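User: I would like to go through this model with you. Could we begin with what counts as touching?

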Amino acid sequence: MTETFTDWLRQRSEPDWTAVVTHPFTEALFDGLVPVESMRSYLVQDYQFVDDFLALLGSALAKADRYSSRLAIAGSIAVVTSEENTYFQRSFDALGVGEADRVRPVLDEATVAFRDVMSDANANGSYAEVLTVLTVAEWTYLEWAMRAPASLPENFVHAEWITLHNNSGFQGWVRWLCGELDRIGADLDERERARCLRVFQQATRCELDFFNAHWK
């Protein structure tokens, strides 16, 4: 079987990739055993990516080379601004997160680093580089969520964070992202492929650092 561009990127991002998708934080999440304060800080910090992530999706929308790609990206924007945003607000209510921490929390170093990666891709990256950051962000989350057992934790804060990242719609979106990056990657020259690899590895490391920041 011919190696795809996304497989090539992922394989060259080990061991960080596997460390992300098998992280102890997610293992505890499956059992509903993430301490309240850890879950609270994790979600507060994760919510700070939403605006940057939407901007990155907007960048992909603008830089895409065909209409069908723009339609797929637009569909993801609708999910982020509806189902996912609703989950955050319900979870913040349940966890007692105040307005200041929802809107202007003190940012962890790992949060700042990943936001910088997103912002740089948005401002300076090619369509391939934008897709690369999006693919890491979404593919890693699908990979860890797919490892969840059939029996989910009772607390919706834990359970719905898993199901948001392991349902047929999200699976289809990640398949599309990987396929789109494979399509674009097939026409990249050696220098462009190297840039995408650097971005893929950087984003994967950011994901690992983010999980580590909320698991002691």
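Analyst: Contact means that heavy atoms lie within 4.5 Å. Please note that this is a predicted model.

User: Which residues does L43 touch, then?

Analyst: Leaving aside residues up to four places away in sequence, L43 touches Y87, F88, S91, F92, L95, V157 and W161.

User: Which residues have the most contacts inside the largest nonpolar core?

Analyst: Those are M39, Y42, L43, W144 and W161, in a core of 69 residues. Helix α9 supplies the largest share of this core, 13 residues.

User: Changing topic: at what angle do α5 and α8 cross?

Analyst: The axes of α5 (residues 50-63) and α8 (residues 109-124) cross at roughly 20° and come within 9 Å. Angles under 35 degrees count as roughly parallel, so α5 is roughly parallel to α8.

User: Is that crossing left-handed or right-handed?

Analyst: The crossing of α5 past α8 is left-handed.

User: Which residues meet there?

Analyst: From α5, the residues are D52, F53, A55, L56, S59 and K63; they meet R115, M118, S119, A121 and N122 of α8.

Terms used: Residues numbered from 1 in each chain as written. Predicted model: local features only at pLDDT ≥ 70, side-chain atom pairs only at ≥ 80, totals over all residues. Heavy atoms only, no water. Core = buried A, V, L, I, M, F, W, Y, C linked by side-chain atoms within 4.5 Å. Buried < 20%, exposed > 50% of the residue type's maximum accessible area, 1.4 Å probe, protein only. Helix = DSSP H or I, 4+ residues; strand = E, 2+ residues; numbered from the N terminus. Axes fitted to C-alpha atoms, helices over the stretch in contact; angles between N-to-C directions. Parallel < 35°, antiparallel > 145°, perpendicular 65-115°, else oblique. Left-handed = near helix turned anticlockwise from the far one by under 90°.
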